[in-house]
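Take a walk through this fold with the coordinates open.

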Amino acid sequence: MPTPATRMVTTTMRTTITAITTTITAMTTMTTAVMIITAMTTIIMVMRMTMGTITTITTTSIATIPTTTTAISMLMTTNEPVGTGGLAEREAAALYRLMTWLSPGFPVGGFSYSSGIEWAVEAGDITDIATLTDWLDAMLGDGSGFCDAVFLVHAYRATEAGEETSLRDIAELASAFVPSRERQLETTSQGRAFIDISRAAWDADGLDAMVAACSGPLVYPVAVGVVAAMHGVPLAPTLHAFLHALVSNWISAASRLIPLGQTDSQRVLVRLEAAVAATANRALNATLDDLGSASFRADLASLRHETQYTRLFRS
């Protein structure tokens with residue numbers, strides 16, 4: 001029979017084992033609970049990140065210390081609105097039309113004209129990047145480039161205001177300013193093609209009436225101004241795009257005559273960027289009384305091209 005001391009030791013051991021078992025059970029239960037909470041938290045975080053929201057979730061650790069986990073969305077959805085840098089519908093339409101009308105792919109036949117550059121190359125006035133840049137800079141700022149820009153601006157404004165008489169006077173003056181027969185062919189044929197294609201594919205209400213008001217063939221810059229105004233395309237971008245297309249066509253002709261590589265052609269275009277912007281700004285603020293040309297050598301080149309023996313271009 002166990003003695004009192006033995007019974008006391010046995011009771012103590014049983015109590016200790018029970019306490020240990022209870023502690024282990026409690027720890028296991030808490031660990032499992034924490035694991036479950038952590039798993040649920042992770043699932044919620046993933047779901048909320050997928051939905052594109054930013055949510056703060058609070059969980060409790062074993063030591064009952066609040067722990068905050070922030071889930072930040074990293075996914076972009078197609079339903080998000082366009083940012084502040086995006087184009088409005090009207091701006092996008094205007095840009096689309098300008099890029100179409102003044103691209104080399106718009107069939108006005110600009111590739112077949114050199115504006116006298118062919119004669120300048122044969123005469124030795126244009127031989128490389130430097131001489132080509134100087135020649136085009138003069139044509140742009142002091143010659144036909146500036147005059148065409150002014151005519152475009154005033155044709156646009158007259159069309160926008162519905163002033164048919166003013167538009168007719170501008171069209172007649174623009175035609176009279178062309179210095180040679182070949183340049184007359186160049187600008188009127190492109191103007192006619194631009195109007196015809198616009199009517200066929202990019203027609204606008206009232207365009208026929210404004211064209212008819214001119215009562216004669218339209219030179220190219222006047223045609224562009226009229227069509228852009230009838231479509232509501234802003235004037236300043238229209239003018240910059242027109243001058244860029246004009247210079248690009250000149251460079252394209254020179255690249256086939258000097259000859260000039262593609263990279264060098266782009267270098268010339270880069271060098272003329274400031275001149276294009278300056279010419280556009282001058283034209284926007286110019287009156288018809290400011291018209292004038294001082295590029296005499298370029299005008300002579302367009303005159304002498306008519307009798308040039310070997311020719312690739314029509315002007």
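Contact here means heavy atoms within 4.5 Å. By that rule, residues 24 or more positions apart account for 76% of the contacts in the protein with a separation of 6 or more. The model is predicted: local features need pLDDT of at least 70, side-chain atom pairs count only at pLDDT 80 or more, and totals for chains, interfaces and linings use all residues. Residues are numbered from 1 along each chain as its sequence is written, and side-chain values use heavy atoms, with hydrogens and water left out.

Start with the inventory. The protein has 13 helices and two strands. These are DSSP runs numbered from the N terminus, with helices being H or I of at least four residues and strands being E of at least two. Of the 315 residues, 39% count as buried. Buried means under 20% relative accessible area, exposed means over 50%, and partly exposed lies in between (1.4 Å probe, protein chains only). The protein exposes about 17,700 Å², and carbon and sulfur atoms supply 61% of that area. Accessible areas come from the Shrake-Rupley method with a 1.4 Å probe; for residues, only the protein chains shown count as cover.

Now look at a helix pair. Helix α4 spans residues 129-142 and helix α5 spans residues 144-161. Their axes come within 3 Å and cross at roughly 35 degrees. Axes are lines fitted to C-alpha atoms, for helices over the stretch in contact, and angles run from 0 to 180 degrees between N-to-C directions. Which residues make the contact? From α4 come M139, L140 and G141; from α5 come S144, G145 and F146. By class, the contact has three nonpolar, three polar and no charged residues. In this scheme Ala, Val, Leu, Ile, Met, Phe, Trp, Tyr, Cys and Pro count as nonpolar, Asp, Glu, Lys and Arg as charged, and the others, Gly among them, as polar.

Stay on α5 for one more residue. H154 is found in this helix. Is H154 buried or exposed? H154 counts as buried because its relative accessible area is 17%. Leaving aside residues up to four places away in sequence, H154 touches I170, A286, T287 and L288.

Turn to the surface. L87, L95 and M99 form a nonpolar patch with about 310 Å² of accessible area together. Patches are made of residues with over 30% relative accessible area and no salt bridge; like charges are joined within 9 Å, nonpolar side chains (Val, Leu, Ile, Met, Phe, Trp, Tyr) within 5 Å. L95 is in helix α2, residues 89-101. At 41% relative accessibility, L95 is partly exposed. L87 lies in the loop between β2 (66-71) and α2. With a relative accessible area of 52%, L87 is exposed. Beyond residues up to four places away in sequence, L87 touches A92 and L95.

Next come the salt bridges. Each one is a side-chain nitrogen of Lys or Arg within 4 Å of a carboxyl oxygen of Asp or Glu. The count comes to six. In one of them, D125 pairs with R297, the closest N and O atoms being 2.6 Å apart. This pair links distant parts of the chain: D125 sits in the loop between α3 and α4, R297 in helix α13 (residues 296-304), 172 residues apart. D125 is partly exposed at 23%, and R297 is partly exposed at 37%.

A second bridge joins E306 to R181, with the closest N and O atoms 2.9 Å apart. E306 is in the segment after α13 and R181 in helix α7 (residues 181-201), 125 residues apart. E306 is partly exposed at 37%, whereas R181 is exposed at 61%.

Another bridge has R183 and E186 as partners, the closest N and O atoms being 3.5 Å apart. Both residues are buried. They are three residues apart in helix α7, so about one helical turn separates them.

Finish with the backbone. Most residues other than glycine have a negative phi, and most peptide bonds are trans. S115 has a positive phi near 55 degrees. S115 is in the loop between α2 and α3 (117-122) and is buried at 5% relative accessibility. S215 has a positive phi near 50 degrees. S215 is in the loop between α8 (207-213) and α9 (220-230) and is exposed at 54%. Last, a cis peptide bond joins I258 and P259, with omega about -10 degrees. P259 is in the loop between α10 (235-257) and α11 (262-271).
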